[in-house]
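Reader: I would like to go through this model by question and answer. Please show it.

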Amino acid sequence: LSPSETGRGDAISSPNPPAVEREPPVVNLGGQQPSSTQVDELQSVPSRHELRQMTQEQLAKVSGFELRKRGVGSLRWLSPVDLRLIVDKLDQVVSISERKAVIYPDPAEKPPAGSELNVPFVYTMEEVWPKNKSGQRLRDTRSVQMLKVKLQRTADAMGARMLRYDEVRGHWSIEMQAM
């Protein structure tokens, strides 16, 4: 792993395991290629329909907000978020794709820490497996333990807190602070 600091924001990039970059805030992790339908569908909790039904007062403090792509990963904010200014442009503010999540791709649009989506969140990556050099999944205990060590080092290098690695489902969860 070779952490580097090139600007503001938090990032990980590299196929296996990720290294650290900074700007824009990107999380880039090893995983399998999702299907085209999965890549195209950014789902939210509450749903987009439910968000559009909320009053401005309700949108100012949405609890349990999550964005996800099935088979790819999810972002779950740990405190209420203010979606009043971004509810209709979530797809422009956040993208989740294979081994990558980007929040506020334009640094000029990133709000101050503690506002909108710039609050602590949990990023869960799916399809994170130990693999050999030819890309085949490894299932032995030693390979899984080695991956866990690499994932912990990666989280440490990014300033994130590793929450867990679920070796059965291939899910890796880290907690990130405001960007």
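**Strands, helices and salt bridges**

Author: This is a predicted model.

Reader: How many bridges join strand 5 to strand 6?

Author: Strand 5 covers residues 66-69. The two strands run antiparallel. The number of bridges joining strand 5 to strand 6 is four.

Reader: In what order do the six strands of the open sheet stand?

Author: The sheet is open, and its pairing is antiparallel. Six strands form the sheet, in the order 4-5-6-9-11-10.

Reader: Which strands stand at the edges, each with a single partner strand?

Author: An edge strand here has a single partner strand, so one side of each is left without a neighbour in the sheet. Those at the edges are strand 4 (43-45) and strand 10.

Reader: What does the twist average from one strand to the next?

Author: The sheet in question has the order 4-5-6-9-11-10. From one strand to the next, its twist averages 15°.

Reader: At what angle does helix 5 run to strand 10?

Author: Helix 5 spans residues 141-158. It lies across strand 10 and strand 11. To strand 10, helix 5 runs at about 155°.

Reader: How many residues apart in sequence are the parts that Arg161 and Glu175 tie together?

Author: The side chains of Arg161 and Glu175 meet in a salt bridge, at 2.6 Å from N to O. Arg161 lies in strand 10 (residues 161-166) and Glu175 in strand 11 (residues 171-176), so the pair ties together parts whose separation in sequence is 14 residues.

Reader: Does Glu175 count as buried or exposed?

Author: Buried means under 20% relative accessible area. Glu175 has 14% relative accessibility, so Glu175 counts as buried.

Reader: Which helix holds Asp91?

Author: Arg48 and Asp91 meet through their side chains in a salt bridge, 3.0 Å from N to O. The pair links distant parts of the chain, 43 residues apart. Arg48 is in helix 2 (residues 48-53), and Asp91 is in helix 4.

Reader: Are Arg52 and Asp88 buried or exposed?

Author: Their side chains, Arg52 and Asp88, meet in a salt bridge at 3.7 Å, N to O. Arg52 is in helix 2, and Asp88 is in the loop between strand 6 (73-77) and helix 4. Arg52 and Asp88 are both exposed.

Reader: How many salt bridges does the structure hold?

Author: Among them are Arg161 with Glu175 and Arg48 with Asp91. The number of salt bridges in the structure is eight.

Terms used
Residues are numbered from 1 along each chain as its sequence is written. This is a predicted model: local features need pLDDT of at least 70, side-chain atom pairs count only at pLDDT 80 or more; totals for chains, interfaces and linings use all residues. Side-chain values use heavy atoms; hydrogens and water are left out. A salt bridge is a side-chain nitrogen of Lys or Arg within 4 Å of a carboxyl oxygen of Asp or Glu. Buried means under 20% relative accessible area, exposed over 50%, partly exposed in between (1.4 Å probe, protein chains only). Two strands pair if DSSP finds at least two bridges between them. Axes are lines fitted to C-alpha atoms, for helices over the stretch in contact, and angles run from 0 to 180 degrees between N-to-C directions. Contact means heavy atoms within 4.5 Å.
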